[in-house]
Amino acid sequence: DIRILGKLDVSTIDPVYTIAGVKYATYGHSTVGIKEELATKVTPSDYDAKRKLYSYTIDFEKLGKGTDLWLFYQVTDFGEDWNNLVVNLTAGFDGRAFYEIDSSKRILSIYADKSAPVSVRLIADRYDSSKWPNLRADQEDDYEGHVIPEKN
């Protein structure tokens, strides 16, 4: 562990942006547990006349090597029946969008009532998340970090 007093700047995950000579700070994303996430946008365009919906299918076995989705899948653990995968969708139109998972075929299907953009955010446990429990091993260390009263 490294103890930092102040702000740690890391170019690729927490850059300082200098705009017109003024430095602006960013702050790393905090999560409970070791997670990876991906944000993308898709447009469901395959029309299913029976369901009267448009669909977009992500087949995790057929992704292009090195793509964002491929890398996300490689470095995460979706868990049994993909219980560790969180899918957040936001329709870019006045309508509905939802998803269905077929973990046995490794497919995520996104459905919408319009063929229009849908923002997709995927979150899953990192492949080695079990090595990083929430309870720290160094309980004898005098550093307490943020001291917060327990809520009932």
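## Strand pairing, salt bridges and a nonpolar core

Lys-52 takes a positive phi near 60 degrees in the hairpin of strand 4 and strand 5, a hairpin with four residues between the strands. This is a predicted model, so local features need pLDDT of at least 70 and side-chain atom pairs count only at pLDDT 80 or more, while totals for chains, interfaces and linings use all residues. Residues are numbered from 1 along each chain as its sequence is written, and side-chain values use heavy atoms, with hydrogens and water left out. Helices (H or I, at least four residues) and strands (E, at least two) are DSSP runs, numbered from the N terminus.

**Strand 5 and its partners**

- Strand 4 and strand 5 run antiparallel and are joined by three bridges; two strands pair if DSSP finds at least two bridges between them.
- On its other pairing listed here, strand 5 runs antiparallel to strand 9, with six bridges joining them.
- Ile-58 stands opposite Leu-108 in strand 9.
- Ser-55 is found in strand 5, which covers residues 53-59, and Asp-46 stands opposite Ser-55.
- Ser-55 is buried, at 12% relative accessible area; buried means under 20%, exposed over 50% and partly exposed in between, using a 1.4 Å probe and protein chains only.
- Leaving aside neighbours within four places in sequence, Ser-55 is in contact (heavy atoms within 4.5 Å) with Pro-44, Ser-45, Asp-46, Ile-110 and Tyr-111.

**Salt bridges**

- The count comes to five salt bridges, each being a side-chain nitrogen of Lys or Arg within 4 Å of a carboxyl oxygen of Asp or Glu.
- One of them joins the side chains of Glu-100 and Arg-51, at 2.8 Å from N to O.
- That pair links distant parts of the chain, 49 residues apart: Glu-100 is in strand 8 (residues 97-102), and Arg-51 is in the loop between strand 4 (46-48) and strand 5.
- Glu-100 is partly exposed at 34% relative accessible area, and Arg-51 is partly exposed at 33%.
- Glu-61 forms a salt bridge with Arg-106, the closest N and O atoms being 2.5 Å apart.
- Glu-61 lies in the loop between strand 5 and helix 1 (68-74) and Arg-106 in the loop between strand 8 and strand 9 (107-112), so this pair ties together parts that are 45 residues apart in sequence.
- Arg-106 is partly exposed, with a relative accessible area of 34%.
- Arg-126 and Asp-128 form another salt bridge, with their closest N and O atoms 2.6 Å apart.
- Arg-126 counts as partly exposed at 23% relative accessibility, whereas Asp-128 is buried at 8%.

**The nonpolar core**

- The largest nonpolar core has 21 residues, of which Phe-60, Phe-78, Leu-85 and Leu-122 touch the most other members.
- Such a core is a set of buried Ala, Val, Leu, Ile, Met, Phe, Trp, Tyr and Cys residues joined through side-chain atoms within 4.5 Å.
- Leaving aside neighbours within four places in sequence, the contacts of Phe-78 include Phe-60, Phe-72, Leu-85 and Ala-124.
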